[in-house]
2 protein chains.
Amino acid sequence: MKIVVYGMGIIGASFAAALRRAGHTVLGKNRSRGPIETALARGMIDGEAENYSGCDAVILALPPEPVLRELDEGDFPEGIVVSDICGVKKIVEERVRSKPRRYRYVGMHPMAGKETSGIASADADLFCGKNLVVTVCKETDPAALSLVKTLAADAGFGRIVCTSAEEHDKKIALTSQLAHIVSNAYIKSSFAADVSGFTGGSFQDMTRVGGVDETLWSSLYLANRLPLLGEIEGLIARLGEYAEALRAQDRERLTALLREGRLAYESHFSEK
Amino acid sequence: MKIVVYGMGIIGASFAAALRRAGHTVLGKNRSRGPIETALARGMIDGEAENYSGCDAVILALPPEPVLRELDEGDFPEGIVVSDICGVKKIVEERVRSKPRRYRYVGMHPMAGKETSGIASADADLFCGKNLVVTVCKETDPAALSLVKTLAADAGFGRIVCTSAEEHDKKIALTSQLAHIVSNAYIKSSFAADVSGFTGGSFQDMTRVGGVDETLWSSLYLANRLPLLGEIEGLIARLGEYAEALRAQDRERLTALLREGRLAYESHFSEK
């Protein structure tokens with residue numbers, strides 16, 4: 001297939017490189033010229049896209065606002081398949097469905113990334129064995145869905161889950177958005193600046209994704225405000241229970257709270 | 001040297017195996033017989049300890065309560081070096097200093113572990129390149145400290161930091177104890193049971209150590225109640241700020257909060 005990837009950041013360039021390796025013709029598009037030259041030099045794309053004509057699919061690997069803009073203003077040929085990789089899906093799906101479109105839309109959210117960004121971190125193996133969420137609704141074209149699944153398999157994803165945009169956003173509030181907020185909040189402890197030599201794996205893991213791009217993540221959070229608020233408030237309430245048990249020096253209560261967590265942990269990880 | 005390791009769990013058996021590999025004679029001691037037999041079968045110890053006589057050092061690789069009991073009731077020969085691996089150090093140090101002792105005490109806390117426990121998870125490489133905190137006070141015997149540092153280097157630790165028990169407990173409240181509570185609380189979200197296929201690295205990292213042994217960790221938490229309470233309350237307050245910004249749909253405030261975290265993150269990790 002002939003595919004345009006718009007956005008040569010870590011996700012877009014990784015998609016491009018993986019799809020090109022799988023035998024597709026991949027054209028890159030980017031607002032600035034630098035990443036296109038890097039992608040060409042690293043063999044991640046076959047060339048630069050002038051437009052979308054003659055292409056089977058376009059992947060918009062951009063933050064939410066530019067994705068919404070391109071979905072409205074992009075010059076898409078009739079019937080082309082358009083996907084995006086935004087971390088929130090309801091606002092994208094709603095925008096697409098707000099009026100008739102020449103293109104056929106299917107949303108994606110790769111459960112993959114790194115704590116670094118940009119094409120320098122891109123890697124044709126980034127998606128190998130990872131989860132991909134594909135969002136569908138009653139208007140989704142079956143052939144477009146099938147094409148996106150083929151591309152996803154070619155990109156190396158280990159598991160592809162189809163769900164509604166609303167369900168995606170609710171689950172992602174917990175599995176990704178809250179994790180990044182906790183990590184960002186965790187590292188702000190006044191002690192964090194001075195713990196060199198006192199850290200092990202649990203601290204590293206807890207803070208690994210704390211260095212978020214605040215502009216991108218503010219957009220993602222505001223676009224998924226209520227599910228995320230529910231998760232933050234839920235976590236605050238649960239943390240408050242441990243604090244209360246400690247304040248009361250209530251060993252029995254503290255043990256019970258930890259046991260609840262252990263059982264939830266075991267039940268979660270035994271499902272896999 | 002001739003060393004007794006009391007407690008053949010993940011930490012004790014890993015210490016035994018690493019020290020034996022480094023050329024020391026290592027005797028194991030354990031309340032139940034099974035782990036001793038495993039340690040013998042896996043070549044982690046030279047034999048079982050009958051008592052501490054003729055030994056240079058004892059490592060108490062036990063939870064806080066049995067460590068405190070052994071420090072009071074153990075039949076230690078005059079001048080022997082005694083160390084422990086408890087995750088809290090102030091209560092241990094205070095107990096040791098509460099009366100004259102025949103032994104010379106130096107505390108340790110290895111910043112290493114796994115999300116599993118027991119001798120089945122033990123590994124002679126567990127400490128390779130990891131951090132070790134060694135606790136000292138004005139009564140610490142310099143020769144005993146030197147001996148413990150030698151053992152630590154032989155066990156493979158990459159960095160050894162000496163500090164007071166009080167400083168240790170304050171820092172560890174953030175770097176280890178809070179991380180385990182957050183992980184335990186995180187996995188209790190009502191959505192966590194149903195996110196298979198929707199998870200990536202950030203969720204895995206956030207929940208990895210959630211399955212804590214509630215009996216052991218209750219003891220560790222209660223023994224470090226005030227520093228830990230401070231960290232939980234601090235994190236709750238910080239998380240509340242993001243929630244408030246989301247509630248108010250205040251993009252500027254949300255961006256500022258995330259930027260603060262990113263700067264703390266960058267400053268923390270650039271120190272390394």
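In this predicted model, the largest nonpolar core comprises 186 residues. Within that core, the residues with the most contacts are Ala16 and Ile59 of chain A, together with Ala16 and Ile59 of chain B. The surroundings of Ile59(B) illustrate one such position. Once neighbours within four places in sequence are set aside, Ile59(B) is in contact with Ile3(B), Val5(B), Tyr6(B), Gly12(B), Phe15(B), Ser83(B) and Ile85(B).

Chain A may be considered next as a whole. Its 272 residues are 54% buried, and its C-alpha trace spans about 70 × 45 × 30 Å along the principal axes. Ten helices and nine strands are found in chain A. Of the contacts in this chain between residues at least 6 apart in sequence, 69% join residues at least 24 apart.

One pair of helices shows how such elements pack. In chain A, the axes of helix 3 (residues 64–73) and helix 4 (residues 90–97) come within 10 Å and cross at roughly 15°. Because this angle is under 35 degrees, helix 3 of chain A counts as roughly parallel to helix 4 of chain A. The crossing of helix 3 and helix 4 of chain A is right-handed. Helix 3 of chain A contributes Pro64(A), Val67(A), Leu68(A) and Leu71(A) to the contact, while helix 4 of chain A contributes Ile91(A), Val92(A), Arg95(A) and Val96(A). By class, the residues of this contact are seven nonpolar, no polar and one charged.

The interface between the chains follows. Here 81 residues of chain A are in contact with 81 residues of chain B. On the side of chain A that touches chain B, the elements giving two or more residues include strand 8 (131–135), strand 9 (159–163) and helix 6 (165–186) of chain A, as well as helices 7 to 10. Helix 9 of chain A supplies the largest share of this side, 16 residues. The side of chain A that touches chain B divides into 37 nonpolar, 24 polar and 20 charged residues.

Ser164(B) lies between strand 9 (159–163) and helix 6 (165–186) of chain B. Apart from neighbours within four places in sequence, Ser164(B) is in contact with Thr135(B), Val136(B) and Cys137(B). Lys29(B), by comparison, is 135 residues from Ser164(B) in sequence and 28 Å from Ser164(B) in space, C-alpha to C-alpha.

Conventions: Residues numbered from 1 in each chain as written. Chains lettered and ligands numbered in written order. Predicted model: local features only at pLDDT ≥ 70, side-chain atom pairs only at ≥ 80, totals over all residues. Core = buried A, V, L, I, M, F, W, Y, C linked by C-beta atoms within 7 Å. Buried ≥ 20, exposed ≤ 12 C-beta atoms within 10 Å, placed from the backbone. Contact = placed C-beta atoms within 7 Å. Helix = DSSP H or I, 4+ residues; strand = E, 2+ residues; numbered from the N terminus. Axes fitted to C-alpha atoms, helices over the stretch in contact; angles between N-to-C directions. Parallel < 35°, antiparallel > 145°, perpendicular 65-115°, else oblique. Left-handed = near helix turned anticlockwise from the far one by under 90°. Nonpolar A, V, L, I, M, F, W, Y, C, P; charged D, E, K, R; others polar.
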